[in-house]
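Take a look at the model below.

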Amino acid sequence: MKLHRLLLAPSLGTILIFMALPIALTTLYSVLTPAQHGGVIWQPSGEAYVRLMFERDIFDDTLSFNADYLQILGRSALQAGFATILCLLIGLPTAWFIATRPPAQKSLWLMLVTVPYWVNLLVRTIALLLMLRDEGPINGALQSMGLTDGPLPLAYNNFAIGLGLVSSFLPFMILPLYAAIERFDFSLLEAAYDLHASRWQAVWSVILPILRPGLIAGGLLVFIPGIGSYLAPDILGGGKTLMLGNLIGMQFQGSRNWPFGAALSTVLMSVTLIALILVARRAAREAA
Amino acid sequence: MALLDTRARDIRNLPGVGVTAALAVAFLYAPILFLMLYSFNDGRSISRLDGLSFRWYRAVFANEEIGGAALNSVLLAVIAASLATVMATAAALAMVRMRVRRKAATYAVLNFPLMVPEIVTAIASLIFFSAIGLGLGFGSLVIAHTTFCIPFAYLPIAARLTSMDAGLEVAAADLYARPLRRFALITLPLLAPGLLSGWLLAFIVSLDDFIISSMLSGPGSTTLPVHIYSMLRLGITPEVNAVSSLMVLASALVVILSGLISRRKT
């Protein structure tokens with residue numbers, strides 16, 4: 001065996017055996033029959049995928065359309081989409097600001113933006129709930145200023161979940177955008193102005209193409225973990241509004257329908273892979 | 001006139017970007033700082049400060065369940081980060097210094113754990129470990145954590161290796177240093193900051209994980225985040241705030257340390 005193969009074997013082997021293989025096995029489990037107390041019976045069944053859209057009548061086995069699970073899927077995509085847009089609206093100016101600072105300030109700001117990402121996500125989510133609660137400081141301040149009579153319902157709803165997703169993944173948007181802007185040669189802008197470009201034209205045809213890789217990377221880095229997120233809906237949504245991640249988790253905790261959970265997880269994995277492949281192909285085409 | 005005109009339109013100083021950046025940082029930090037402040041509350045409340053004290057920190061340190069979970073977490077993170085760092089270093093040496101066929105595909109596999117949504121990793125691991133009969137517990141946790149830590153260890157190590165002067169290794173080879181000696185005397189010492197930074201990131205990523213651990217941990221192998229989550233059933237208490245603040249402190253220390261190390265020039 002060549003040395004480079006020997007060096008690569010442990011890491012590649014570990015990832016393939018303990019991550020890729022389990023995901024393949026999950027896909028297999030999604031077409032098996034659920035056992036009563038979790039686990040599966042080795043008998044092929046498409047029931048898990050039927051269940052995504054239909055409800056089976058327990059008496060006569062007829063199928064009727066049921067959009068409950070599709071709604072959860074759609075809501076997850078929507079929540080993640082909103083969070084991605086909000087992260088972009090906050091992240092782009094922030095990244096711009098950091099990238100145009102002098103070098104010494106730059107690293108300080110970068111550190112400021114990076115540190116929260118490494119703080120435990122559960123802890124950050126709890127902290128955000130503390131802020132948003134009825135008795136929390138935001139409602140307290142609003143009421144003591146006389147702006148509101150009672151507490152605003154900030155926690156335990158879709159708004160709170162969205163805010164949770166933004167605070168969880170905002171650094172993921174800022175960093176790739178920063179990397180893109182940082183590489184930008186600002187004399188190109190001078191050149192554009194010399195050629196009588198308006199400010200808007202300069203943004204559109206000089207800056208946007210340079211931002212694009214950062215936008216795509218940032219978008220994926222927020223959207224993918226967002227759509228499968230578990231803690232934000234669980235803690236900030238108060239368990240009232242489910243997202244895909246919670247629905248998957250439930251199938252392995254309370255409801256004990258492993259094939260259905262496996263099917264949902266396969267759907268999530270497929271969405272992720274399709275997004276990644278589209279982006280990779282686009283990047284390859286642009287590089288060519 | 002033309003010069004003035006350019007300056008007026010200079011996109012580098014757009015109005016509002018500084019304010020947005022300040023607000024973004026405030027948005028990221030305010031909840032954490034608020035949580036830390038209330039962890040020092042002398043009273044039982046999480047919405048009213050009744051004086052400051054270390055009361056809840058004493059309660060945390062006296063709590064054997066929290067202590068046990070913290071020990072599990074640290075042990076798990078140390079083992080997983082160390083295993084991941086060794087494997088990532090070997091992979092980085094091959095990827096950066098040698099001719100590897102199908103480099104893009106290899107790179108994609110190394111980074112694969114970063115692309116899989118956490119909940120998918122969690123239930124896929126649960127299914128896999130129950131299928132092969134390993135079941136839940138510390139062993140499964142070590143394997144799962146090591147796997148998802150590999151890319152986090154790999155990236156800083158490969159970055160350091162890329163920025164290192166390969167000439168020194170060539171020079172050592174010219175002076176007839178055998179490969180192993182060359183590695184131990186030249187490559188490893190130069191690579192050390194990258195190794196440490198990769199290890200620290202892997203350590204913190206392992207410590208941070210909740211979903212995967214909550215699916216895989218058995219009765220005796222609860223990790224700290226899983227335990228904090230179970231404490232939430234009684235609502236947020238000052239004790240939750242205190243143990244959370246300790247985790248914030250640990251993460252901040254590790255990240256700042258890692259940042260300082262990786263900024264040292266080659």
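Setting aside neighbours within four places in sequence, Ala202(B) is in contact with Ala80(B), Ala81(B), Ala84(B), Thr85(B), Cys149(B), Phe152(B) and Ala153(B).

In soluble globular proteins, nonpolar side chains tend to be buried together.

Now turn to where the chains meet. Chain A brings 73 residues to the contact, and chain B brings 72. On the side of chain A that touches chain B, H1(A) gives the most, with 18 residues. That side of chain A has 52 nonpolar residues, 17 polar ones and four charged ones.

Next, chain A as a whole. Chain A has 12 helices and four strands. Its C-alpha trace spans about 75 × 70 × 35 Å along the principal axes. Chain A counts 288 residues, and 44% of them are buried. Take the contacts in chain A with a separation of 6 or more: residues 24 or more positions apart account for 67% of them.

How confident is the prediction? Chain A averages a pLDDT of 87, and 99% of its residues score at least 70. Among the elements of chain A, helix H1 (residues 3–29) has the highest mean pLDDT, 94. Helix H8 of chain A (residues 187–194) has the lowest, 79. H1(A) is also the element that gives the most to the side touching chain B.

Definitions and conventions: Residues are numbered from 1 along each chain as its sequence is written. Chains are lettered from A and ligands numbered from 1 in the order in which they are written. This is a predicted model: local features need pLDDT of at least 70, side-chain atom pairs count only at pLDDT 80 or more; totals for chains, interfaces and linings use all residues. pLDDT is the predictor's confidence in each residue, from 0 to 100. Helices (H or I, at least four residues) and strands (E, at least two) are DSSP runs, numbered from the N terminus. Two residues are in contact if their C-beta atoms, placed from the backbone, lie within 7 Å. Ala, Val, Leu, Ile, Met, Phe, Trp, Tyr, Cys and Pro count as nonpolar, Asp, Glu, Lys and Arg as charged, and the others, Gly among them, as polar. A residue is buried if 20 or more other C-beta atoms lie within 10 Å of its own, exposed if 12 or fewer, and partly exposed in between; C-beta atoms are placed from the backbone.
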